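Hello,

Here is the structure for you to look over. My notes follow below it.

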Amino acid sequence: MSDTATAPNTASAGRLYYRHTLPVRVMHWTNVLSLTLLLMSGLQIFNAHPRLYWGKSSYTGNPPVLEIGSRQGSGGQPVGFTRIFGHEFDTTGVLGLSSGSNGSLQRVAFPSAVTVPGPYWLSMARNWHFFFAWVFVLNGLAYLFYGLWSGHLRRDLWPTRPDLAGIGRSILDHIRFRHPQGEAARRYNVLQKLAYLAVIFVLLPLIILAGWAMSPWLDGVWPGWVDLLGGRQSARTVHFVIACLLTAFVAVHVFEVIVSGLWNHLRSMITGYYRVNEGGHDGSAR
Amino acid sequence: MDRRAEVPGGKDGSPPARLLVSSPRRSLLRGGLAGLGAALLAGCDRLSNSAWFPEQVLSLGERLSSAVHQTLAAKAMAQEFTEADLSPVFRSNGTANPESSEYQKLVAGEFSDWALQVSGLVEQPMSFNLAALRALPARTQITRHDCVEGWSAIGKWTGVPLAQIIEQVKPTANARFVVFHCADPMESDGTHPYYESIDLAEASHPQTLLAYELNGKPLPVANGAPLRLRVERQLGYKQAKYLMRIELVESFASIGGGRGGYWEDEGYQWYAGI
């Protein structure tokens, strides 16, 4: 989202402008790939011990804060359950008990349809996770350097005073699915900016930190630092909760992309060019 | 820790998304996404099962992590805890009671016939019984045990720093790794005894112990009696139990499956600091 250089107009109304630079596009899709594989291999790793705790260890005398499992139901049939802070939910078919690729019921926390690898295979899931953790971290560092150097972060993401003053209106607009038109559509709106900044500067650093806190070797780098996150098992819980928040962010992100012009957004993240309608229709290219 | 599932699947090519020209754009999109997802999953499973991808691509992650960890914190100490942090019961995982008759005889004799053999690339092969180990200067530490599955337990270990043993047997110049041979067979037919390995630097770390006590009492059978390894900056599968023999080697390629440990032979990372 940078240069205002306009591309040659195409046949339809509106005009294309250069919204996403090549580095941003490459880093965006690298992120899509690595976050997807990190999430799916992470769920496979979680399946090896589908319980989350708060504290320095798992065996503190307190029950897990979250547990996904299966047990015999009252009628003798197997039941999948999810227990959060002692409240149990029947999640048969999805969590705890679900059908595998061959259709048979599996007692597994997250179903094999959303894990990498599909079948239970902890060591291979760790291989995937740690490889793409590196891809993700290096990509993130590259983004930070690029964002600072090119001014992308300051120019496109940092909210201005008028942005912040208009936050109430922006919330209303989002609720009504009204998206900025014309010139206004060339900039990120304030909620978008704040969401991106929260992800880039809060959630992502925190999930990386919580990941490091699970490494027994890195725990020794600065004695006691893991306790700042509540201990290793708390860090594991934080890691999981942030993964859920990031998944929610992606869901909202994809939803907003779809409702505000899927093909226009997709094109701009692939070729760089985004169509802005001068008239007042939304920017979707139809 | 379960054996990894036998991996049959992944070969079933995902059904091609049927994209009918006449169908509305929305269902086309949905079908396309579902097809893409299934293709991604099938592709990942195929890569996992290939000979080259885990070995040549994914393992880069482990190698990078290991290199960075060694640079950042080669000599760092693992966090130590207080009595208040101790887990009420220290979980036993993996083998809880080795079935071999040799081991059961040792248990019956309260390990009076047991002695740790130390051999291989050393100038002075030695053997140590429990009394000899207890006579050496000991170290006690309260540390966290992190299983590769994800759980942690905190216990108090007392034992001999491995560095003392290594010093006494005088490694030859070409010795690089310390291999731990254990009493517990990992196959039901009594074969494939558990084993592990660490490098000499890790063996000389002050918190690397041959532990004979857990929480102030002789090591229970469930936790590795009479002697187990503690390598505090690595995962649980490195903490070999039921130690029988220590061997110094230049390479572990010819031992077991050649990857330096029972779980390593099953595909787990040799460097277990993460």
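First, the terms for helix packing: axes are lines fitted to C-alpha atoms, for helices over the stretch in contact, and angles run from 0 to 180 degrees between N-to-C directions. Helices (H or I, at least four residues) are DSSP runs, numbered from the N terminus.

This is a predicted model, where local features need pLDDT of at least 70, side-chain atom pairs count only at pLDDT 80 or more, and totals for chains, interfaces and linings use all residues. Residues are numbered from 1 along each chain as written, chains are lettered from A and ligands numbered from 1 in the order written, and side-chain values use heavy atoms, leaving out hydrogens and water.

**Helix packing in chain A**

Helix H1 of chain A spans residues 22-47, and helix H7 of chain A spans residues 232-259. They pack at about 135°, with axes 11 Å apart. H1(A) and H7(A) are therefore oblique to each other (under 35 degrees is roughly parallel, over 145 roughly antiparallel, 65 to 115 roughly perpendicular, the rest oblique). On the H1(A) side, the contact has A:His28, A:Leu39 and A:Phe46. They meet A:Arg236, A:Phe240, A:Ala243, A:Thr247 and A:His253 in H7(A). Contact means heavy atoms within 4.5 Å. By class, this H1(A)-H7(A) contact has four nonpolar, three polar and one charged residues (Ala, Val, Leu, Ile, Met, Phe, Trp, Tyr, Cys and Pro count as nonpolar; Asp, Glu, Lys and Arg as charged; the others, Gly among them, as polar).

H1(A) also packs on helix H2 of chain A, residues 122-150. Their axes come within 8 Å and cross at roughly 150°. That makes H1(A) roughly antiparallel to H2(A). The contact of H1(A) with H2(A) has 18 nonpolar, eight polar and one charged residues.

**Domains**

Bounds come from an automatic or database domain assignment. Chain A has domain 1 (15-49 + 121-276) and domain 2 (51-109). Their C-alpha centres lie 29 Å apart. Each of these two domains puts 14 residues into the contact. Together they bury about 1,200 Å², 60% of it on carbon and sulfur atoms. Buried area is the accessible area (1.4 Å probe) that two parts lose on being put together, summed over both.

Chain B has domain 1 (1-49) and domain 2 (78-265). Their C-alpha centres are separated by 44 Å.

**Between the chains**

Contacts join 58 residues of chain B to 46 residues of chain A. The buried area is about 4,600 Å², with 64% from carbon and sulfur atoms. In chain B, B:Leu41, B:Leu58 and B:Gln79 lose the most area to chain A, together 12% of what that side buries.

Best wishes

Terms used:
Helix = DSSP H or I, 4+ residues; strand = E, 2+ residues; numbered from the N terminus.
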